[in-house]
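This report looks at ring contacts and sulfur bridges. Start with the view below.

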Amino acid sequence: MPGRRGVRRWLGFMAAGLTAGAMVQCTRPAAEDAEQLFRQNRWFDLRAAISERTPALLRAAVATAFNAGTEAETLLWEIVRSQPDAADDAYELLCRVYRRSGLYARLGETHRQWAAAFPNSTGVRRWAEDRDKFSRPDQINGARTPFVREHPGTGYPRLPVSVNGIADDFIVDTGAWQSALTDKEARKLGLTIREESATLLDASGRPTVFRTAVADEVTIGDMRFRNVSFAVIAPAGHFEGAELGIIGMPILLAIGTIQWSTSGTVTLGATVPASSAATVPNLAFDRSRLLLSTGVLGKTVLTILDTGANTTELNANFADTFPELVRTAGKKGKADITGIGGSQTFDSVELPELLFRIGNKDVAIRPASVTLQRIGIMGGECCVGNAGHDLLLQGRGFSLDFAEMRLTVD
């Protein structure tokens with residue numbers, strides 16, 4: 001009888017995808033191909049191709065992908081003012097920066113300017129839903145103050161959080177482009193839930209309705225955040241009735257760095273020691289996803305980095321990239337992928353072991369599951385899989401540095 005296993009990721013967001021050609025990163029490209037790399041969303045290759053003579057839009061795209069926010073904004077607004085042929089793309093890159101940073105009012109105003117300048121733009125129409133969905137105030141971040149705290153231990157990476165003075169532990173979720181709560185958690189925290197609703201796709205690919213609540217103040221250690229927006233969801237299936245909260249990308253970017261030790265402590269907001277960091281970035285933002293460039297079987301491939309997933313899940317793109325391995329070493333079975341809206345079952349192949357090269361360290365997944373699906377938020381449109389927190393917690397811990405865009409595993 002075939003085996004059955006499951007992966008649970010309690011929240012997911014619809015994300016535009018990459019083309020299949022971006023799944024395996026190539027060697028250093030010629031500079032004249034930079035425009036094509038930009039159109040294909042090949043951020044690591046584009047970063048290697050640009051120079052001071054590269055057009056400003058492409059330099060701004062690299063700054064956007066690798067979280068150089070101030071540089072990106074400066075370049076992009078100058079393009080809007082002085083380069084009408086490139087301004088349509090510049091507006092879209094600005095919207096990406098503002099959305100992931102929780103600058104929702106700025107996102108709305110930028111989209112209105114964009115629509116006025118380019119009323120027939122496909123990008124304008126595509127972003128109209130996000131403009132309405134994120135009709136909220138800008139998140140205001142206090143000073144970044146390094147601090148060390150104990151964390152609850154094994155399982156999902158969690159941090160102690162205070163929302164309007166009420167304390168709880170929230171999941172650290174690099175796969176969430178907004179912070180989120182279940183409806184039961186929101187009521188426990190005394191938040192007012194807005195009536196307007198929108199939809200997202202969960203990890204299983206199912207549409208899920210959410211509403212919004214805005215907390216006046218959120219405190220994590222010695223850092224304070226105001227006007228923090230949360231997606232509020234009534235979960236079904238495995239998560240029905242759960243009291244859960246997650247820390248999404250707007251807060252994580254403001255924190256800056258996370259140094260997680262499996263011995264029970266976490267350091268937030270401090271400089272990651274140079275000795276523990278790789279020499280080049282291995283993280284990049286692509287629209288609504290955080291990409292990880294990692295080595296598998298001698299190839300450099302892309303996964304989504306998703307600490308909100310309890311296991312690493314490879315997909316049909318992995319099977320296409322490594323067909324002989326899947327054919328000869330895999331055990332066929334079934335696997336459930338469960339999101340906050342329910343579950344779906346897929347054919348799967350289980351590999352006894354797979355090594356991932358992260359920075360200068362090899363990390364093993366035993367066993368490694370390949371589900372034969374291409375769900376967008378699980379990496380199906382961009383990557384060979386969705387890298388969960390099991391990939392990060394096997395050794396002494398991990399470090400996430402959003403300034404240097406590097407993940408290291410100790």
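A disulfide is a pair of cysteine sulfur atoms within 2.5 Å. By this rule, the count in this predicted model comes to one disulfide. Cys 382 and Cys 383 form it, with their sulfur atoms 2.4 Å apart. The torsion about their S-S bond is about -95°, so the disulfide is left-handed.

How exposed are the cysteines? Cys 382 is buried, at a relative accessible area of 5%. Cys 383 also counts as buried, with 0% relative accessibility. Elsewhere, Cys 95 is buried, with a relative accessible area of 0%.

Now the aromatic rings. The structure holds eleven aromatic pairs. One of them joins Tyr 104 and Phe 134. The two rings are stacked, 5.1 Å centre to centre, with 10° between the planes. This pair links distant parts of the chain, 30 residues apart. Tyr 104 belongs to helix 6 (residues 104-117). Phe 134 sits in the loop between helix 7 (122-133) and strand 2 (140-141). Both Tyr 104 and Phe 134 are buried.

Ring pairs also build a cluster: they link Trp 77, Tyr 91, Trp 114 and Phe 118.

Charged side chains meet rings too. Arg 136 lies over the face of Tyr 104, the ring that stacks with Phe 134. Lys 299 lies over the face of Phe 322. The table gives the distances.

| Charged residue | Ring | Distance from the ring centre |
|---|---|---|
| Arg 136 | Tyr 104 | 5.1 Å |
| Lys 299 | Phe 322 | 5.4 Å |

Notes. Residues are numbered from 1 along each chain as its sequence is written. This is a predicted model: local features need pLDDT of at least 70, side-chain atom pairs count only at pLDDT 80 or more; totals for chains, interfaces and linings use all residues. Side-chain values use heavy atoms; hydrogens and water are left out. Rings of Phe, Tyr and Trp (its six-membered ring) pair if their centres lie within 6.5 Å; planes under 30 degrees apart count as stacked, over 60 as edge-to-face and the rest as tilted. Helices (H or I, at least four residues) and strands (E, at least two) are DSSP runs, numbered from the N terminus. Buried means under 20% relative accessible area, exposed over 50%, partly exposed in between (1.4 Å probe, protein chains only). A charge sits over a ring if NZ of Lys or CZ of Arg is within 6 Å of the ring centre and within 35 degrees of the ring normal.
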